[in-house]
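Q: I am new to this structure. Can you show me how to read its features, step by step?

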Amino acid sequence: MDIRNKISAIYSIEQLSTGNTIVHSLHPMAKLLTTFVFIITVISFDRHDFSKIVPFIFYPTILMSLSETPYSMLLKRVLIALPFCLFIGVSNLALEQEIAFKIGNIAVSFGVLSFGVIIYRAYLCIMAVLLLVAVTRFSELTVQLKRVKIPYIFIIMFEMTYRYIAVLFSEASSMRMAYILRSPGARGVDLRHAGSFIGNLLLRSFDRAERIYSAMKCRGYMINKLNHGINKLRMRDIVYCALICSFCFLFRFINITSWFTSFVERVF
């Protein structure tokens, strides 16, 4: 039951792609392109440009609102990836100890600033990818990747890994159950047996994946013959791309946060 719950959790975001909102109805190429532009723009900032990167929260906020995507579901998956970013950015705290600015009597170093930029930048990029999956069917994404000339081998690996990760979980569950039945009182795989357990799991997964792929080919699956029968970009798709890309470029070259702060200080 625990394995089934985990498998269901993996595919729960994709199940949201069957929604019927204005974002879901957009052309998948438009959503793929804007996600790519957004991520490239976000990661192009310097590690100390926190004020410039703040306005980019507009993209996940607007998309979640228009697509009716639950924030809690996305946040759980973002939190899984953030610890890896913490390990990447924690060294900056020790390496960059010069004072960047002060908030009252509290001094903020460049290390703290760059650490915050790394975490915030990772948060934005992960949210953008999760939202893309949540509002676009996986089969449509695969077709669009082929249309932009991504090599077939990468598309096959991407599709097979995502679609059949549940098979890997199932094989691991069966092996774990067999191990526990042969080791009374064991709660899990002993560390001294972990190497052989993982090796056998890898071999079983290869064999199962080969049989699944052969069955798919027998049923007519050919990645280089995917149907491109998706409607062409409509005017609203072009407008959506233009708006998102324009905002990304605007926030990239203009410090909106600094401008807004100065405007508030002059008014009040």
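A: Asp207 and Arg211 both lie in helix α10 (residues 194-218). They are four residues apart, about one turn of the helix. Keep in mind that the model is predicted.

Q: What do Asp207 and Arg211 form with each other?

A: General idea: side chains of opposite charge can pair when their charged atoms come close. Here Asp207 forms a salt bridge with Arg211. The closest N and O atoms are 3.2 Å apart.

Q: How many salt bridges does the count come to?

A: The count comes to three salt bridges. Another one joins the side chains of Arg137 and Glu140, at 4.0 Å from N to O. Arg137 is partly exposed, with a relative accessible area of 38%. Glu140 counts as partly exposed too, at 22%.

Q: Which residue forms a salt bridge with Asp237?

A: Arg234 does, and the closest N and O atoms are 3.1 Å apart. Now check the exposure of each partner. Asp237 has a relative accessible area of 0%, so it is buried. Arg234 has 32% and counts as partly exposed.

Q: Let us turn to aromatic rings. How many aromatic pairs does a search of the whole structure find?

A: The search finds nine aromatic pairs. To read a pair, look at the ring centres and the angle between the planes. Planes under 30 degrees apart count as stacked, and planes over 60 as edge-to-face. Take Phe38 and Tyr59: their ring centres are 4.5 Å apart and their planes are at 25°, so this pair is stacked.

Q: Where in the chain do Phe38 and Tyr59 lie?

A: Phe38 is in helix α2 (residues 28-43), and Tyr59 is in helix α4 (residues 58-67). They are 21 residues apart, and the pair links distant parts of the chain. Both Phe38 and Tyr59 are buried.

Q: Is the pair of Phe58 and Tyr59 stacked or edge-to-face?

A: Read the angle again. The planes of Phe58 and Tyr59 are at 75°, with the ring centres 6.4 Å apart, so the pair is edge-to-face. Phe58 is buried, as is Tyr59.

Q: Which residues form one aromatic cluster?

A: Phe38, Phe45, Phe56, Phe58, Tyr59, Phe247 and Phe251 form one cluster. Tyr59, from both pairs above, is among them.

Q: Which residue lies over the face of Phe45?

A: Arg252 does, at 4.6 Å from the ring centre. The charged end of Arg252 also sits over the ring of Phe253, 5.7 Å from its centre.

Q: Which residues form a nonpolar patch on the surface?

A: To read a patch, list its members and then their joint accessible area. The members are Leu233, Met235, Ile238, Val239, Leu243, Phe247, Phe249, Leu250, Phe253 and Ile254. Together they have about 970 Å² of accessible area. Look at Val239. This residue lies in helix α11 (residues 235-253). Val239 is partly exposed, with a relative accessible area of 40%.

Q: Now the strands. In which sense do β1 and β2 pair?

A: Strand β1 (residues 99-103) and strand β2 (residues 106-109) pair in the antiparallel sense, over four bridges. The hairpin has two residues between the strands. Gly104 takes a positive phi near 70° in this hairpin.

Q: What is the phi of Glu68?

A: General idea: most residues other than glycine have a negative phi. Glu68 is not a glycine, yet it has a positive phi of about 60°. Glu68 is found in the loop between α4 and α5 (71-95). At 63% relative accessibility, Glu68 counts as exposed.

Q: Where is Lys149 found?

A: Lys149 is found in the loop between α7 (138-147) and α8 (152-163). Lys149 has a positive phi of about 70°, although it is not a glycine. At 70% relative accessibility, Lys149 counts as exposed.

Terms used:
Residues numbered from 1 in each chain as written. Predicted model: local features only at pLDDT ≥ 70, side-chain atom pairs only at ≥ 80, totals over all residues. Heavy atoms only, no water. Phe/Tyr/Trp six-rings, centres within 6.5 Å; stacked < 30°, edge-to-face > 60°. Buried < 20%, exposed > 50% of the residue type's maximum accessible area, 1.4 Å probe, protein only. Lys NZ or Arg CZ within 6 Å of the ring centre and 35° of its normal. Pairing = 2+ DSSP bridges. Patch = residues over 30% accessible without salt bridge, like charges linked within 9 Å, V, L, I, M, F, W, Y side chains within 5 Å. Areas by Shrake-Rupley, 256 points an atom, 1.4 Å probe, with all protein chains shown as cover.
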